[in-house]
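Hi everyone, thanks for coming. I'd like to walk you through one chain today, so please have a look at it with me.

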Amino acid sequence: NCYVTAVDIPDGNVDRDAGVVGSGQNFLRIENCYSDYLVVRAVSGLGNRVINSYYSADPPWPWTDSENGECYFGTAVSVEELKGKAGDLGNAYKDGGYLNFGFPVLCREAAGGFANGNGTAAEPYLIESAADLDLLAQQKDTDGVYYKLTCDLNLDDAERTNAVGTEENPFMGYFDGGGHRITNYKVVSSGGAAYGLFAYVSGGGRIYNLGIENVIVELENNTFREVSFGGLAGCLQGDAGIFDCYAKNISFDCRALAEGKKIGSAGGLVGCADGDGVEVRNCYARNINYESQSIPVENLGDVLGLGKKMMSLDYCYAENKIGRTAPEIDVRQCFQKSADEFGR
């Protein structure tokens with residue numbers, strides 16, 4: 001009941017190599033195991049002790065010829081066949097889905113991941129605790145995956161250094177807040193150029209039906225790049241969207257800013273929109289705490305810091321200012337207390 005994936009052993013560097021066991025000189029059995037590389041290289045007389053185990057790489061010499069003193073044992077299958085082997089591998093395994101890039105996972109491993117759901121629209125992964133939110137932040141492949149918040153989450157003033165979605169692996173799934181809220185956390189810089197509960201959302205990623213409350217956004221300048229901060233999302237790119245969300249009681253803390261430095265953009269809900277297909281719709285922001293004349297932020301808004309590139313900003317309101325948008329962006333039915341240089 002063991003598996004190994006993504007093995008990389010350069011050719012010629014070792015005499016005996018495989019994914020699970022490099023050299024099997026003597027053993028009782030290797031059973032219900034798999035690797036997307038090889039299972040085991042063993043002495044020929046032990047072949048009947050390699051039971052119900054699978055691999056998907058082409059064995060080098062001495063191949064699988066049992067007439068040789070040693071050879072590779074296991075059942076050869078294609079990568080796609082291997083991904084469907086959870087049932088054949090036995091009760092210790094389950095379908096890995098997005099948890100393991102399609103390969104089978106151990107049931108105990110899956111239990112340490114999302115306890116419920118399979119990442120589909122019909123059965124989204126359920127976010128039921130702060131630990132589940134941390135697990136979501138660890139996911140690198142979220143393209144087309146569905147997640148749903150099942151309860152209000154109080155994060156107990158924790159610093160969110162582990163944002164969901166990084167510059168290298170942006171969040172590209174669907175996050176349904178379920179009408180719940182995430183409260184009491186602090187957005188701090190942790191590398192990259194965008195910061196928020198979700199740092200980067202791209203590739204058609206969606207966040208909807210969610211509220212955030214009682215958030216501190218700690219603005220810290222990056223001298224090398226233009227940075228953006230948002231209570232919910234730092235940067236929206238590539239057809240990303242935020243729908244039916246709100247931000248309440250968001251405070252900007254600028255004590256970490258160096259004198260004379262400026263932040264590119266900061267917003268109570270979203271820091272920056274920078275994608276031709278980006279949408280923000282049916283959102284509002286209340287009690288966003290800043291003093292625009294004293295905080296060195298070039299683009300500052302309650303809902304959106306800067307709409308650099310986006311498709312539309314629709315049906316939103318703010319007690320102070322919606323945010324700043326480029327003139328060509330379609331802004332429809334948005335209301336704010338005052339119209340000034342920061343927005344329309």
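First, some housekeeping. This is a predicted model, in which local features need pLDDT of at least 70 and side-chain atom pairs count only at pLDDT 80 or more, while totals for chains, interfaces and linings use all residues. Residues are numbered from 1 along each chain as its sequence is written, and side-chain values use heavy atoms, with hydrogens and water left out.

How confident is the predictor? The average pLDDT of the chain, on that per-residue confidence scale from 0 to 100, is 87, and 89% of the residues score at least 70. Residues 339-344 stay under 50, and the model gives them 19 contacts beyond four places in sequence; a contact here means heavy atoms within 4.5 Å. Where pLDDT is low, the predicted coordinates should not be read in detail.

Now the overall picture. The chain has 4 helices and 32 strands; these are DSSP runs, H or I over at least four residues for helices and E over at least two for strands, numbered from the N terminus. Of the 344 residues, 50% are buried, where buried means under 20% relative accessible area, exposed over 50% and partly exposed in between, with a 1.4 Å probe and protein chains only. Among contacts between residues at least 6 apart in sequence, 62% join residues at least 24 apart.

Let's look at some strand pairing, which requires that DSSP finds at least two bridges between two strands. β2 and β5 (residues 40-43) run parallel over 2 bridges, and G24 sits opposite A42 of β5.

Staying with that region for a moment: which peptide bond is cis? The one from W61 to P62, with omega near 10°. P62 belongs to the loop between β7 (54-55) and β8 (70-73).

Next, please find β25, residues 284-289. β21 (residues 241-253) pairs with β25 in the parallel sense over 5 bridges, and there I250 stands opposite I288. β25 is also joined by 2 bridges to β29 (residues 317-318), again running parallel, with Y317 in β29 as the bridge partner of Y284.

β25 also holds N287, a residue other than glycine whose phi is positive, near 55°. N287 is partly exposed, at a relative accessible area of 34%.

Another asparagine to look at is N214, in β18 (residues 206-218). Phi of N214 is near 55°, a positive value in a non-glycine residue, and N214 is partly exposed, with a relative accessible area of 34%.

While we're in β18, here is one more residue for you. Is E218 buried or exposed? E218, also in β18, counts as buried because its relative accessibility is 18%. The side chains of E218 and K186 are joined by a polar contact of 3.1 Å, that is, a pair of N or O atoms within 3.5 Å, where within protein one must be able to donate a hydrogen and the other to accept it, and residues adjacent in sequence count only if both atoms are side-chain atoms. Leaving out residues up to four places away in sequence, E218 touches K186, V187, V188, F229 and D253.

That's my tour, and I'm happy to go back to any part of it.

Terms used:
pLDDT is the predictor's confidence in each residue, from 0 to 100.
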